[in-house]
Amino acid sequence: MLKLVFDAGPLITACKFHAEGQLVIDHILACCQVVIPAAVHKEVVIAGARFPDAQRAGQRVDAGRIRVVTPVPDAGLTRVLNLYGFGEGEQEALSLTYENAFKDALLIVDDHLVYLVSDRLGVPKLFLLDLIVHLVRDGQLTAALGCGMVEAIRTRYPEAFIEHTLLILGQEIS
Amino acid sequence: MRTITVTLEEKLEHFVKQQAESQRISPAKAIEDMVRVGFETRLKQLYSRYVQGEYSLGRLAKELGLTTWDVVHLLEERGWATHNLPTASGHQSS
């Protein structure tokens, strides 16, 4: 089962939008092991009082479907990440995927700066859109469902990213 | 909503009094309005750094004293793009 560490951005997206009657996060949870850093969970709890998407994330944590993990502090890495001024959740998401225990995990991230820094650190990462493509190619999702998920989250990405993803998925169908 | 006490230097106190009188609102409401304007101004400054990829979403939230969930909802309410990925035109789209 694919192991994923979700940054807050894609988690928020996946907990808000539906495809084929289910939340995007539930389609992912059906075939992947999802982990979030403790700092992202802390925000889920705070925001859960105000936002339904945060409540949905919290419910999945409470049900044990999304695992919460606190990264082991790494002074060297922290010094590097501090240079970029990341939020606590981003710091922990990058730290987790940098740890040996999560070397086989993919960081799911939609933020430009976090993506670039994860690349510099050699951390394997995917945009949420590319995770959908990956799961379609792996046979975990049908291409039609993949397209539905991409359409559902359309407002959260630049148009070119969406259209490019749909073209890739179109090739998977034909 | 919480009530807080602020100490103003004399010229600011006069300014608040003048604003309150001219708009026929209480001094507290005048200060509240100014803080709101200040927040929106700061949000625009920080958002500009975010869309240029200089700040991450978490940094934007941290600078505003909010959670990332708050910020995403805040941007959506304003019809602003919630992502900071590059676009074909070089500008952010919603």
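Student: Which strands does β4 of chain A pair with, and in which sense?

Tutor: A pairing is read from the bridges between two strands. In this predicted model, β4(A), residues 32-37, pairs in the parallel sense with β1(A), residues 2-6, over four bridges. β4(A) also pairs in the parallel sense with β5(A), residues 66-69, again over four bridges.

Student: Which residues of β4(A) stand opposite Leu2(A) and Val69(A)?

Tutor: Cys32(A) of β4(A) stands opposite Leu2(A). Pro37(A) has Val69(A) in β5(A) as its bridge partner.

Student: How is chain A divided into domains, and how far apart do the domain centres lie?

Tutor: Chain A is divided into domain 1, residues 2-128, and domain 2, residues 130-173. Their C-alpha centres lie 20 Å apart.

Student: How many residues of each domain are in contact, and which elements of domain 1 contribute?

Tutor: Twelve residues of domain 1 of chain A are in contact with 13 residues of domain 2 of chain A. On the domain 1 side, the elements that give two or more residues are β2 (18-19) and α2 (24-29) of chain A. That side comprises eight nonpolar, three polar and one charged residues.

Student: How are the helices α8 and α10 of chain A oriented relative to each other, and why is that term used?

Tutor: The orientation of two helices is classed by the angle between their N-to-C directions. The axes of α8(A), residues 128-137, and α10(A), residues 159-173, cross at roughly 0 degrees and come within 10 Å. The helices are therefore roughly parallel, because angles under 35 degrees are classed in that way.

Student: Which residues make this helix contact, and how do they divide by class?

Tutor: From α8(A), the contact involves Leu129(A), Val133(A), Val136(A) and Arg137(A). From α10(A), it involves Phe161(A), Thr165(A), Ile168(A), Leu169(A) and Glu172(A). By class, the contact of α8(A) with α10(A) has six nonpolar, one polar and two charged residues.

Conventions. Residues numbered from 1 in each chain as written. Chains lettered and ligands numbered in written order. Predicted model: local features only at pLDDT ≥ 70, side-chain atom pairs only at ≥ 80, totals over all residues. Domains from an automatic or database assignment. Contact = placed C-beta atoms within 7 Å. Nonpolar A, V, L, I, M, F, W, Y, C, P; charged D, E, K, R; others polar. Axes fitted to C-alpha atoms, helices over the stretch in contact; angles between N-to-C directions. Parallel < 35°, antiparallel > 145°, perpendicular 65-115°, else oblique.
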